[in-house]
Amino acid sequence: ATLTRDGVGDIHGGKLQEDFNEYQQIVADANTASRTLQKKVEEAAAKKHFKTTKELEDKVDKVQENAFAKMNALIRKNADNVFAAYLQTAGSERIMELKPLKEIYALLSDKAKETAPGKILAERIADLEKVSIAATAPDFTLTTPEGKQVSLYSVKGKLKIIDFWASWCGPCRKEMPNVVEAYKAFKDKGFGIVGISLDENADKWKEAITALNITWPQMSDLKVWQSEGAQLYAVNSIPHTVLIDGDGTIIARGLHGEGLQAKLAEVVK
């Protein structure tokens, strides 16, 4: 068999090809089911049908859990070869979270861990651990719309969120009113937000800040996914939030919608 990282279809040879095809089908089926359910979640949430929303969200979680179980079964079958590690470095390792990545990595044999894909997977896990819950949030300095250099820790707040977004991101624009509401509700209690835009066009970024009623500090280096902030915090999808306490400890990631409001109500005193 020949394995390369130049394209997901570059696997040739009998059983490995069959296993890889099966893996691709698992991912495709899970993505399709998740997208369908997520659309229903959004529709139910818009109508404030919160019980239905929660039931649908649970179904999304179940779809993903079942997919991971099937993926892990395939990996166990190939745990002593490069194929198992390759599965996680053909692109999916850039979007998976820390917990499932560590579970998958633990399944690999020492031989598989020493392959190039295995090492890439280990590096990804190390990057995520640096910015996972309970880790100290790393500082960074980026530029405001006015051209001023501002660091994360210079923005005051006994509790603050780093909000990763972009003017071109539809889901970000849809979520922003919720972030605006959260800011209004808790800003007088020591809550702050630092916005990190993954924009490329400064004018569109500034226009979106005004249009979306964003009044908290904004930063960007206009490098899209190569943004220093996104790279540092291992952000691979937006919108994405990182909640930091007064000691600089990360206490939550990926809070949105009602989850964001509920968490803030819990921790903002």
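Biologist: In this predicted model, what is the handedness of the crossing in which H2 passes H4?

Modeller: The crossing of H2 past H4 is right-handed, and that term applies because the near helix is turned clockwise from the far one by less than a right angle.

Biologist: Why is H2 called roughly parallel to H4?

Modeller: The axes of H2, residues 50-77, and H4, residues 98-107, come within 9 Å and cross at roughly 20°. That makes H2 roughly parallel to H4, because angles under 35 degrees count as roughly parallel.

Biologist: Which residues of H2 and H4 meet, and how is the contact of H2 with H4 divided by class?

Modeller: From H2 come Phe 68, Asn 72, Ile 75 and Arg 76, which meet Pro 100, Ile 104 and Leu 107 of H4. By class, this contact of H2 with H4 has 5 nonpolar, 1 polar and 1 charged residues.

Biologist: How do H4 and H6 cross, and at what angle?

Modeller: The axes of H4 and H6, the latter being residues 116-130, cross at roughly 145° and come within 10 Å, and H4 passes H6 in a left-handed crossing.

Biologist: Which residues of H4 and H6 meet, and how do the residues of that contact divide?

Modeller: On the H4 side, Leu 98, Leu 101, Lys 102 and Tyr 105 meet Gly 118, Leu 121, Ala 122, Arg 124, Ile 125, Leu 128 and Glu 129 in H6. The residues of the contact of H4 with H6 divide into 7 nonpolar, 1 polar and 3 charged.

Biologist: Which phi value does Val 224 have, and where does Val 224 lie?

Modeller: Val 224 lies in the loop between E5 and H9, and its phi is near 55°, a positive value in a residue other than glycine.

Biologist: What is the peptide bond from Ile 238 to Pro 239?

Modeller: That bond from Ile 238 to Pro 239 is cis, with omega near 5°, and Pro 239 is found in the loop between helix H9 (228-232) and strand E6 (240-245).

Biologist: How many helices and strands does the protein have?

Modeller: The protein has 10 helices and 7 strands, and buried residues make up 42% of its 269 residues.

Key. Residues are numbered from 1 along each chain as its sequence is written. This is a predicted model: local features need pLDDT of at least 70, side-chain atom pairs count only at pLDDT 80 or more; totals for chains, interfaces and linings use all residues. Side-chain values use heavy atoms; hydrogens and water are left out. Axes are lines fitted to C-alpha atoms, for helices over the stretch in contact, and angles run from 0 to 180 degrees between N-to-C directions. Helices (H or I, at least four residues) and strands (E, at least two) are DSSP runs, numbered from the N terminus. Angles under 35 degrees count as roughly parallel, over 145 as roughly antiparallel, 65 to 115 as roughly perpendicular and the rest as oblique. Contact means heavy atoms within 4.5 Å. Ala, Val, Leu, Ile, Met, Phe, Trp, Tyr, Cys and Pro count as nonpolar, Asp, Glu, Lys and Arg as charged, and the others, Gly among them, as polar. Buried means under 20% relative accessible area, exposed over 50%, partly exposed in between (1.4 Å probe, protein chains only).
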